[in-house]
Amino acid sequence: MSGETPARLFLRKQMDAGIFPGARYRIARVREVLEDGWIGRSVVDPQELPVGQDTLYDLASLTKPLVTGALAVLFQAQGAIDLAEPLERYLPETREKWLGRATLLDLLTHRSGLQAWLPLYLQARTREGYLSAVASLFPEYRAGSRVVYSCLGYIVLAAVLEKVGGARLDRLAEKEIFSRTGATETGFTPPERLRPRIAATEEGNARERMMVAEAGEGFAGWRRGVIWGECHDLNAWTLGGISGNAGLFSTTEDLHRLALEFLGEGTGLFGADELTFFRQDFTPGLNENRSVGWQLAATPGASAGPLLSPRAMGHTGFTGTSLWIDPDQGWILILLTNRVHPRYRPDDMNSLRREFHRVALAGACSVSGG
């Protein structure tokens, strides 16, 4: 198709290869949108719908920095919590457990000793049950000795935030973040009326069922049919679609608004001291470079690509989403896909993201003049 930009041509090639059915993307420098586009289909089964300007995506693990990490830093600024304090101070039920000695900052930077993931829904169906299951685990490594990206840590952090904030996580996020930034189309558990605008995900959590294997035999909670308008992550979905590790839905427009806050160029949600938590490397010398909520581009193998500064902060979501924010150059890179729809494929999405960022930024720099 003549007249297409390099970024769009790249995405079309991936789409034609079957890596994802469609995509919504934006390349911006602070507030200036240099390229904004959408391509392909948001749903292919049980019907076909095109990606649109306002398509909503299940952000999956982008929930971690945008909600859990953000709320933790805001609550620290308000004096409600101290990120340097151990978990047991806020959740007494973790006392006399090794996890209770891990600090909130350990959990926020994935250096706590917790393993990456467990199908907690096989053991419990409540927040209290999840916390008990995680607290009963043995550490996988010595806290602070390495980084192991852990969904479990962010599930635990949500329990802290809900206890301190006196409300459920979705209500805290709406009050403290979304309503203050104008992110009116961002939230958990979208209403049924929005379903036609939502990009569908996987059929029946087939990937998780394969991961769980024999342990999941007899489990009655497996979903059937295409997951569409519901949280894809089964740990989060079992908690009503509201969790510290996943469950958030949003649009490209709202993600741009939220990204501006992490640049310090939005409504002023974060002060200068708070912004430091998102930019400082709290895991120097370890296998990943991590700030609160975010992976830093200095991390070997990060999905940032070669043109972002080492302090750029980013995150990805299993459903096919990613967001990178560069505080030194002002870049905001948003790529939203539903690569698990209708079925999961083991494609190298981080390699794809790096190349997309390279192609998109090269084109944007030539347009903007640097």
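**A walk through a predicted model**

Buried here means under 20% relative accessible area, exposed means over 50%, and partly exposed is in between, using a 1.4 Å probe and protein chains only. Before going on, a word on the model: it is predicted, so local features need pLDDT of at least 70, side-chain atom pairs count only at pLDDT 80 or more, and totals for chains, interfaces and linings use all residues. Residues are numbered from 1 along each chain as its sequence is written, and side-chain values use heavy atoms, with hydrogens and water left out.

Back to our cysteine. How far is the sulfur of cysteine 231 from the closest cysteine sulfur? The distance is 11 Å, to cysteine 151, and that is too far for a bond. Cysteine 151 is buried too, at 11% relative accessibility. For anyone new to the word, a disulfide is a covalent bond between the sulfur atoms of two cysteines. In this search a disulfide is a pair of cysteine sulfur atoms within 2.5 Å. Across the whole structure, zero disulfides turn up.

Now the overall picture. The protein has eleven helices and nine strands. The radius of gyration is 20 Å, close to the 21 Å from the globule rule for 370 residues, so the protein is as compact as a globular protein of that length. That radius is taken over C-alpha atoms, and the rule is 2.2 Å times the number of residues to the power 0.38. Helices (H or I, at least four residues) and strands (E, at least two) are DSSP runs, numbered from the N terminus. Of the 370 residues, 59% count as buried. Contact means heavy atoms within 4.5 Å. Among contacts between residues at least 6 apart in sequence, 64% join residues at least 24 apart.

Let's zoom in on helix 10, residues 272-279. Which of its residues are buried? They are Glu274, Leu275, Phe277, Phe278 and Arg279. These buried residues pack against helix 2 (63-77), helix 9 (252-263), strand 6 (295-296) and strand 7 (313-317).

Helix 9 also holds leucine 260, which is buried with a relative accessible area of 6%. Leaving out residues up to four places away in sequence, leucine 260 touches Val30, Arg31, Glu265, Gly266 and Ile332.

Threonine 238 sits in helix 8 (residues 234-238) and is buried at 10% relative accessibility. With residues up to four places away left out again, threonine 238 touches Tyr121, Ala124, Arg125 and Tyr130.

Finally, some backbone details in the loops. The peptide bond from aspartate 45 to proline 46 is cis, with omega near 20 degrees, and proline 46 lies in the loop between strand 2 (32-43) and strand 3 (49-50). Another cis bond runs from histidine 341 to proline 342, with omega near -5 degrees. Proline 342 is in the loop between strand 9 (331-337) and helix 11 (349-368).

Histidine 110 has a phi of about 60 degrees, in the loop between helix 3 (104-108) and helix 4 (127-135). Threonine 189 has a phi near 40 degrees, in the loop between helix 6 (169-181) and helix 7 (206-212). Is each one buried or exposed? Histidine 110 is buried, at 2% relative accessible area, whereas threonine 189 is partly exposed, at 43% relative accessibility.
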